[in-house]
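Subject: Structure for your review

Dear colleague,

Please find below the structure that I am handing over to you. I would be grateful if you could look through it alongside the notes that come after it.

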Amino acid sequence: MDFVKPAEVLQSMVEAGESKARMNRVQMLIRGFLAGAILAFATTLAYTAVSQTSVGLAGALIFPAGFVIIILLGLELVTGNFAMLPLAVMKRKITLLDMFRNYFWVITGHLIGCAFYALLYGLTITKMGTDMSNPLIQTLIQTSEAKTLGYQHLGGAGIVLVIIKAILCNWMVTLGAVMAMTSTSTLGKIVAMWLPITIFFAQGFEHAVVNMFVIPAGMMLGAQVSMADWWLWNQIPVLLGNLIGGAVFTGLGLYAAHHWGNPVKISTKLATIQGGRSGLASSDAAPKLGTRS
């Protein structure tokens, strides 16, 4: 059986959070860049599927391919980290500074990777800026405006709405990252990840990294969206909502479900090794004391 028990999954989450926080900033930046670009690839693939089939669910069924690639290659996706790192902070394996350091460099990498792909993709679908007839051009423009100006028109209620949609999104996205830990086989990981990612994408929730591609891409193609519109009415509230969804509903939620009031502590491999050495030292000492008596 390749199934991993929930208690072991929680330990893996803490270990993953600790490992991610210990990486150097160059690694975080590069892994964030690659993950951002790959997720942008998956987004345009999903939009292409919807354009060709006129079935929204077609895009949702194929979008998780990008997420699977990111997880299997060990790249950095800040939305997944929103569940892992707070749990590691709670278990005192890393500090808050370590956590925010990871978030900063990974998000920076995402922005560069998404912008890079947006530029190349825009040149591709416009045939180097000479043809604006591709239907995906309007898809990106309309989506960019809907994700910013659509909320702006609602005023304060728009901010609340976008945060709620971001919470619901990352509740599922972080479950996708966690579900990958429930199996030791590659096929098992892929199937487990695919389910929650399809759920989020099919319902149009707000994902920070997807938006780092969609909104700038729409702006490059002519969307009437300013930098202030992008960040104030989408990117900042979506990042906040994604953080709440991942940290509270996945990280803290799973911990509470399996360990609330449970005296058994979650430990990392490092702590287990150190504890094992201490145990050996104690067992070695016991016979010596017994021999003397």
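Predicted model: local features only at pLDDT ≥ 70, side-chain atom pairs only at ≥ 80, totals over all residues.

Pockets

The volume of the largest pocket is about 420 Å³. Its lining is made up of 20 residues, and those nearest the centre are Ala16, Lys20, Ile71, Gly74 and Met181. Three helices each supply at least two residues of this lining: H1 (6-22), H4 (64-72) and H5 (78-90). Of the contributions to the lining, the largest share is that of H1, with four residues. In terms of residue class, the lining of the largest pocket holds eleven nonpolar, five polar and four charged residues.

The second largest pocket contains about 300 Å³ of space. Here 17 residues form the lining, with Tyr47, Lys147, Phe201, Gly204 and Phe205 nearest the centre. Two or more lining residues come from each of helix H2 (25-53), helix H3 (56-62), helix H7 (135-146) and helix H10 (186-202). Among the elements that line the second largest pocket, H3 gives the most, namely four residues. The lining of this second pocket comprises ten nonpolar residues, six polar residues and one charged residue.

Packing of H2 and H6

Two packed helices are described by the angle between their axes and the distance between the axes. For H2 and helix H6 (residues 96-125), the axes come within 6 Å of each other and cross at roughly 45 degrees. An angle between 35 and 65 degrees is neither roughly parallel nor roughly perpendicular, and H2 and H6 are therefore oblique to each other. The crossing of these two helices, H2 and H6, is right-handed. The contact of H2 with H6 involves 14 nonpolar, nine polar and two charged residues.

Salt bridges

How many salt bridges does a search of the whole structure find? The search gives four. Lys20 belongs to helix H1, while Glu76 sits in the loop between H4 and H5, so the pair ties together parts that lie 56 residues apart in sequence.

Kind regards

Notes
Residues numbered from 1 in each chain as written. Heavy atoms only, no water. 1 Å grid on protein atoms, 1.4 Å probe; cavity = no way out; pocket = protein on both sides within 12 Å on 5 of 7 lines; lining within 4 Å. Points joined across faces, edges and corners; volume = space filled by probe spheres on them. Nonpolar A, V, L, I, M, F, W, Y, C, P; charged D, E, K, R; others polar. Axes fitted to C-alpha atoms, helices over the stretch in contact; angles between N-to-C directions. Parallel < 35°, antiparallel > 145°, perpendicular 65-115°, else oblique. Left-handed = near helix turned anticlockwise from the far one by under 90°. Salt bridge = Lys/Arg side-chain N within 4 Å of Asp/Glu carboxyl O.
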